[in-house]
Amino acid sequence: MPIPRCLDLPADHGFTMHGWNFSSKTIADAIDNHRMLNPAFELASNVCPWNCDFCFTENSTNLKEPKKRLQGELTKKRRLALIEEAANLGAKSINFTGAGEPTIDPCFWDMLKAMKSCGITPIIYTEASVKLTSAEFVDTLYETGATVVVKVNSLKNADYQNRILRGNNTASNSPHYDYTEKRNNAIELLIEAGFTKPTPTRLAFDTIICKENSAEIEEIHRYARSHNIFVLFVNYLPTGRTKNGHTTSIAWEEQHAIFKKLAKIDKNDYGIDHPAIYPYAGGVPCTIRGLGLFVKIDGRVYDCPSESICLGNLKETALEDIWNKAKDITQNFDGECVPRKMFFRNPL
């Protein structure tokens, strides 16, 4: 099976991030030997200070109520064991998605310490405004070897950015709390701490392209390239609160037109010649589905964060046994995102 050629492009200009920097040879070997490389685990509770209406980790039946701790969440002991089990299966990185906000979980630092001891790169997906506005917190995070992925729906439109994170949860999140300002301050602290100095970078943005920010995507892309920041430019996932679509989603054709435009900018302005591969514009393809699994905080295990195929539950089955069920998916890895393509079948 052909491995995406963009895996072996230079890692500067934020073309990839540390923890996703697998060569085509590494991926080919992993496929041949059914070795896990890059899973995504909800290693934190479902608790979150925000209430995004596009939250893919929230139960699809809860469209409005705040994200709260769930019954039956994996214990700290089980989560720590999960990290070691993933390492034994070959994992080199873990996408620490939380179920809620990872950095506020009481076990956050314990999870990072466990990953470091196993030689695993933690990739932290965070809203950034609560904990990462502390220079001490950021400096400590840097020493763990983690890569940080910050939520960036917009860099400059505070009204839009603040509104969509607050969602319907106005009671617990004051309308006077300027998430955008605090988040941007956190980005500055991350840069100052050195997260963008290595190649590949250790700082990334998570940006959903939609009707409300499509005009800003080029600007976000150029900012990221000039600061050596990787960007996950994506559409909504067909799971969680966007399981049945979302009113702000753009059309498939428009999404690909943006991808092609960004690829042209990369070639002309940054000397990076790559295909506008789906689902990440201007970056390496997805390796979670096929080279990893997605573990929910309640123990359910899926093929990837899209939750397309349920493979088992850690409360009943060992991770290794569940991983072996995913072999057919691994063998068919091509870097593209089938679930995100499925979203466009029902974009509302």
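Buried means under 20% relative accessible area and exposed over 50%, with partly exposed in between. The exercises below apply these classes to a predicted model.

**Exercise 1. Determine which residues of helix α1 are buried and which are exposed, and where the buried ones pack.**

Solution. 
1. Helix α1 spans residues 24-32, and its buried residues include Ile 27, Ala 30 and Ile 31.
2. These residues lie on the same side of α1, because they cover an arc of only 100° around the axis.
3. The general rule is that an α-helix has 3.6 residues a turn, so residues three or four places apart point the same way.
4. Lys 25 and Asp 32, on the other side of α1, are exposed.
5. The packing partners of the buried residues of α1 are α9 (288-291) and α11 (327-331).
6. After α1 comes His 34, which has a positive phi, near 45°.

**Exercise 2. Classify the aromatic pairs that Phe 108 forms with Trp 109 and with Phe 137.**

Solution. 
1. A pair of aromatic rings is described by the distance of the centres and the angle of the planes.
2. The structure contains 11 aromatic pairs. In one of them, Phe 108 and Trp 109 are 5.0 Å apart centre to centre, with 65° between the planes. Planes over 60 degrees apart count as edge-to-face, and the pair of Phe 108 and Trp 109 is therefore edge-to-face.
3. Phe 108 counts as buried at 1% relative accessibility, whereas Trp 109, at 33%, counts as partly exposed.
4. For Phe 108 and Phe 137, the centres are 6.0 Å apart and the planes make an angle of 15°. Planes under 30 degrees apart count as stacked, and this pair is accordingly stacked.
5. Phe 108 belongs to helix α3 (residues 108-117) and Phe 137 to helix α4 (residues 135-143), so the pair ties together parts that are 29 residues apart in sequence.
6. Phe 137 has 11% relative accessibility and counts as buried.
7. Ring pairs join Phe 108, Trp 109 and Phe 137 with Phe 96 in a cluster.

**Exercise 3. Identify the residues with the most contacts inside the largest nonpolar core, and trace the contacts of Leu 232.**

Solution. 
1. The largest nonpolar core has 99 residues, and Trp 20 and Leu 232 have the most contacts inside it.
2. Leaving aside neighbours within four places in sequence, Leu 232 contacts, among others, Met 17, Trp 20, Tyr 125, Val 149 and Thr 207.
3. Thr 207 lies in strand β5 (residues 203-208) and counts as buried at 0% relative accessibility.
4. Beyond residues up to four places away in sequence, Thr 207 touches residues including Val 152, Ile 217, Val 231, Leu 232 and Val 234.

Conventions. Residues numbered from 1 in each chain as written. Predicted model: local features only at pLDDT ≥ 70, side-chain atom pairs only at ≥ 80, totals over all residues. Heavy atoms only, no water. Buried < 20%, exposed > 50% of the residue type's maximum accessible area, 1.4 Å probe, protein only. Helix = DSSP H or I, 4+ residues; strand = E, 2+ residues; numbered from the N terminus. Arc of directions from axis to C-beta. Contact = heavy atoms within 4.5 Å. Phe/Tyr/Trp six-rings, centres within 6.5 Å; stacked < 30°, edge-to-face > 60°. Core = buried A, V, L, I, M, F, W, Y, C linked by side-chain atoms within 4.5 Å.
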